[in-house]
Amino acid sequence: MIRIPTVVVGAGHAGLAVSKLLTDRHIEHVVLERGEVANTWRRERWDSLRLLTPNWQTRLPGFAYSGNDPDGFMTMPEVVGFIDAYATAVKAPVETGVAVRWLRRNGDRYEIAADGRRWDAASVVLATGGFNLPKLPALAADLPPGIESVTGIDYKRPDQLPEGGVLVVGASATGIQVANELQRSGRQVTLAVGEHVRLPRLYRGRDIQWWMEQIGRLDERYDQVDDLVRARHVPSPQLVGTPDRSTLDLNALTAQGVRLVGKLSAIQDGKAYFSGSLRNVCSLADLKMRRLLDEIDAWIDEQGLAGEVGEPERFPATEVENDPALSIYLSSEISSVFWATGYRADYSWLDIDVLDRKGELRHDGGVVADSPGLYRIGLNFLRRRKSSFIHGAEDDAIDLTEHLVSYLEVFHGMRAAG
Amino acid sequence: MEEEKKQVTTTQKPPVSNGVNVQALLDARTALIDAPEAAQFTWRATNEWAGGTHSKSTVQEFFGLGADQTHRTTFQYDADHPEVFASEDHGPTPVEFVLVGLASCLTAGVAAVAQNREIQLNSVKATIEGDMDILGILGGDPEVRNGFNNIRVKYEIDADATQEEIEALVAQSQKRSAVFDVITNPTNVTVTVN
């Protein structure tokens with residue numbers, strides 16, 4: 001048994017950010033990593049994926065992008081290189097290839113078992129990512145045999161899928177990016193569109209992320225937002241990071257030949273049925289995007305920047321054909337289904353009663369109040385709207401490290417150096 | 001004097017009242033998230049044949065919040081088919097009840113959302129149309145479905161809000177509407193005979 005003040009589980013960007021701040025506070029700790037540093041980015045993403053956030057925004061505590069393409073978007077090998085370089089720069093005490101088997105609470109301490117070893121820690125930070133497992137709707141079980149089923153975790157490239165039509169379920173960042181490349185690969189794509197978030201890549205000459213950061217949208221806090229449950233479950237925005245900084249919205253996909261249908265609502269007797277709500281979910285997203293652009297315009301006027309940036313733009317409404325299909329025959333039209341229906345965290349190794357009835361962790365901005373000394377980082381809107389982005393880890397890690405250090409001082413009598 | 005009056009009206013905005021107790025709904029949501037079993041409702045109606053294509057439906061009880069509930073009064077509805085169907089037209093056709101259900105649900109939603117967004121409604125009017133090829137119900141063409149092939153709802157709303165805010169009210173109302181969901185998504189229906 002190794003006795004240590006803090007164990008961080010997961011050496012992705014968020015776990016490493018916490019590690020760096022713990023080191024700054026002279027808190028002894030270890031970072032346990034099931035695979036290699038940045039494992040999810042290395043192995044559980046598709047080949048063409050790039051970050052949704054531009055390089056200038058890709059930063060971690062004490063570390064930032066230093067290349068010559070600040071407006072570009074990192075490929076996955078570049079992200080891995082960036083996080084690897086960070087682990088080295090901050091001298092993170094990472095133990096790789098150590099998969100945690102279980103985590104238990106023993107009095108006011110935690111016991112962690114991994115690969116025949118045990119750690120006895122006063123505090124634990126879960127930095128295991130929020131995208132470990134695909135979140136499939138119950139109706140996925142009704143898919144007839146013979147139709148390939150793929151998720152963002154096992155998908156790499158189009159030629160992995162059989163020839164023939166593809167039904168992409170979900171119009172999040174994952175859904176639209178994969179729909180785009182599958183359609184370009186010569187497969188007819190049908191895209192089932194539920195509620196989604198539409199954003200232009202560029203607005204008034206700047207990246208949308210720049211505006212979101214400037215107007216304070218990304219810093220909105222979890223304890224100030226109207227409906228936190230909703231905010232935490234909003235699908236990822238329809239964005240793609242490409243060298244030409246182009247917008248990939250539903251209109252762009254329609255122009256490629258992608259067929260839009262409503263949300264997948266049932267699979268029965270070999271047919272997939274789609275909701276008749278397509279027009280409304282598109283209106284909701286169009287209206288919401290417009291409100292954001294209005295807000296950006298108002299901010300620009302307020303700051304007196306109108307002369308320094310591009311002209312205001314309004315983008316065409318999402319086009320929906322007159323009678324979008326309400327059903328398709330799966331066997332004759334579809335050879336594979338791509339589930340872009342979201343991801344969820346894997347807590348199967350957590351032997352502590354801290355999950356809600358939906359299997360999600362009960363926490364207050366990353367502080368697991370029901371189990372003092374336990375912390376979570378790296379979830380959607382954990383503490384701020386930017387929490388799920390790489391640059392969002394910094395402020396969350398600062399807050400949580402601060403809480404953790406106070407906890408160790410007050411409840412475990414450990415003095416940390418300021 | 002005119003100037004002063006104008007100022008008073010702009011600075012003392014009266015509280016928005018659309019007659020919807022939004023706070024009660026928000027409180028209910030908070031309470032039901034912690035007690036999800038109380039959120040399970042069963043809606044009920046009884047129906048009795050009255051001769052020809054005419055029937056009478058009664059709505060009185062429902063189940064919810066863990067107990068049987070009763071409407072303030074018993075509501076009764078006649079349904080029939082029009083004379084062009086060689087019927088006696090004692091009431092709306094059942095499909096017209098469906099249109100009524102959709103419009104009432106959306107309008108209730110518009111009022112609730114407006115209240116929540118502090119938008120004063122002055123008038124809300126909807127015209128609702130459903131297109132149907134009756135060769136379906138007559139069994140005259142196996143390719144034609146029985147139900148509506150298209151439903152259109154047109155709202156005319158006078159509110160203290162911009163056109164976009166009004167559009168957003170109507171969009172949000174669809175998003176949260178039970179009848180909109182019932183119509184736009186399949187539902188398993190089991191009909192048994194005792």
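**Close-up views of chains A and B**

The contact takes twelve residues from chain A and eleven residues from chain B. All views show a predicted model.

**View 1. The side of chain B that touches chain A.** Two elements of chain B, H4 and helix H5 (178-184), each give two or more residues to the side that touches chain A. H4(B) supplies the largest share of that side, six residues. Sorted by class, the side of chain B that touches chain A holds three charged, three polar and five nonpolar residues.

**View 2. Helix H8 of chain A against helix H4 of chain B.** Helix H8 (residues 278-303) of chain A and helix H4 (residues 163-175) of chain B have axes that come within 9 Å and cross at roughly 140°. H8(A) is therefore oblique to H4(B); the limit for roughly antiparallel is over 145 degrees. The crossing of H8(A) and H4(B) is left-handed. From H8(A), the residues that meet H4(B) are A:Asn280, A:Ser283, A:Leu284, A:Leu287 and A:Arg290. Their counterparts in H4(B) are B:Glu164, B:Glu167, B:Ala168, B:Ala171, B:Gln174 and B:Lys175. The residues of this contact of H8(A) with H4(B) comprise four charged, four nonpolar and three polar.

**View 3. Helix H3 against helix H4 within chain B.** Helix H3 (residues 94-116) of chain B packs with H4(B) at an angle of about 120°, and the two axes are 8 Å apart. H3(B) is therefore oblique to H4(B). The crossing of H3(B) and H4(B) is right-handed. H3(B) contributes B:Leu106, B:Gly109, B:Val110, B:Val113 and B:Ala114 to the contact, and H4(B) contributes B:Leu169, B:Val170, B:Gln172, B:Ser173 and B:Gln174. By class, the contact of H3(B) with H4(B) has no charged residues, four polar and six nonpolar. B:Gln174 is listed in the contact with H3(B) and also among the residues that H8(A) meets.

**View 4. Strand E3 of chain B and its pairing with E1 and E4.** Strand E1 (residues 42-43) of chain B pairs with strand E3 (residues 55-64) of chain B in the antiparallel sense, over two bridges. B:Trp43 has B:Phe62 in E3(B) as its bridge partner. E3(B) is also joined by nine bridges to strand E4 (residues 67-79) of chain B, and this pair runs antiparallel. Here B:Val59 stands opposite B:Phe75 in E4(B). E3(B) and E4(B) form a hairpin with two residues between them, and B:Leu65 in the turn has a positive phi of about 55°.

**View 5. The E2-E3 hairpin of chain B.** Strand E2 (residues 46-49) of chain B and E3(B) run antiparallel and are joined by four bridges. They form a hairpin with five residues between them. B:Gly51, in the turn of this hairpin, has a positive phi of about 95°.

**View 6. Surroundings of B:Asn47.** B:Asn47 lies in strand E2 of chain B and stands opposite B:Ser57 in E3(B). Not counting residues up to four places away in sequence, B:Asn47 touches B:Ser55 and B:Ser57. The C-alpha atom of B:Asn47 is separated by 9.5 Å from that of B:Asp78, 31 residues apart along the chain. Is B:Asn47 buried, exposed or partly exposed? B:Asn47 has 13 other C-beta atoms within 10 Å, so B:Asn47 is partly exposed. The exposed class ends at 12 or fewer such atoms, and the buried class begins at 20 or more.

Definitions and conventions. Residues are numbered from 1 along each chain as its sequence is written. Chains are lettered from A and ligands numbered from 1 in the order in which they are written. This is a predicted model: local features need pLDDT of at least 70, side-chain atom pairs count only at pLDDT 80 or more; totals for chains, interfaces and linings use all residues. Axes are lines fitted to C-alpha atoms, for helices over the stretch in contact, and angles run from 0 to 180 degrees between N-to-C directions. Angles under 35 degrees count as roughly parallel, over 145 as roughly antiparallel, 65 to 115 as roughly perpendicular and the rest as oblique. A crossing is left-handed if the near helix is turned anticlockwise from the far one by less than a right angle, and right-handed if clockwise. Two residues are in contact if their C-beta atoms, placed from the backbone, lie within 7 Å. Ala, Val, Leu, Ile, Met, Phe, Trp, Tyr, Cys and Pro count as nonpolar, Asp, Glu, Lys and Arg as charged, and the others, Gly among them, as polar. Two strands pair if DSSP finds at least two bridges between them.
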